[in-house]
Amino acid sequence: MLIQSQNKDEVVNFNNVINIQITDCDGDYVISAIALVGVEDFYRELGYYQTEERAKEVLQEIITRYKNWENLKAGQPTGLCLPVYEMPKE
């Protein structure tokens, strides 16, 4: 599955992601990913949200989309099974 960043300038392959986290960044909440590509790891900011609650909702949407995609590949489709998650603006 792929995750397209909020500002649409980057795509992260979920298969390379080691960690996705929410961090308080001066009153905004940023969702970021740490991914491994080859022997290098990199940190990418995927999106900013005004509240921690909204950031957690978006993170849950990513988890749900990933589970649905994996279920589809296993022949047991559930919910929305698209291979790309686009980070919402708000």
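**Close-up 1. The largest nonpolar core of the predicted model.** This core has 19 residues, of which Ile3, Ile20, Ile31, Ile62 and Met87 touch the most other members. At least two core residues come from each of β3 (17-25), β4 (28-37), β5 (40-49) and α1 (52-73). The largest contribution is that of α1, with five residues. In soluble globular proteins, nonpolar side chains tend to be buried together.

**Close-up 2. Surroundings of Ile20, one of the core residues that touch the most other members.** With neighbours within four places in sequence left aside, Ile20 is in contact with Ile3, Phe14, Ile31, Ser32, Ala33, Leu59 and Ile62. Among these contacts, Ile3, Ile31 and Ile62 are also listed with Ile20 as touching the most other core members.

**Close-up 3. The aromatic pair of Phe14 and Tyr66.** One aromatic pair is found in a search of the whole structure. The ring centres of Phe14 and Tyr66 are 4.4 Å apart and the planes stand at 35 degrees, so the pair is tilted. Phe14 sits in the loop between β2 (11-13) and β3, and Tyr66 sits in helix α1, so the pair ties together parts 52 residues apart in sequence. Phe14 is buried, at a relative accessible area of 18%, whereas Tyr66 is partly exposed at 26% relative accessibility.

**Close-up 4. Cysteines Cys25 and Cys81.** The structure contains zero disulfides. Cys25 has a relative accessible area of 31% and is therefore partly exposed. Cys81, with a relative accessible area of 15%, is buried, because buried means under 20%.

Key: Residues numbered from 1 in each chain as written. Predicted model: local features only at pLDDT ≥ 70, side-chain atom pairs only at ≥ 80, totals over all residues. Heavy atoms only, no water. Disulfide = S-S within 2.5 Å. Buried < 20%, exposed > 50% of the residue type's maximum accessible area, 1.4 Å probe, protein only. Core = buried A, V, L, I, M, F, W, Y, C linked by side-chain atoms within 4.5 Å. Helix = DSSP H or I, 4+ residues; strand = E, 2+ residues; numbered from the N terminus. Contact = heavy atoms within 4.5 Å. Phe/Tyr/Trp six-rings, centres within 6.5 Å; stacked < 30°, edge-to-face > 60°.
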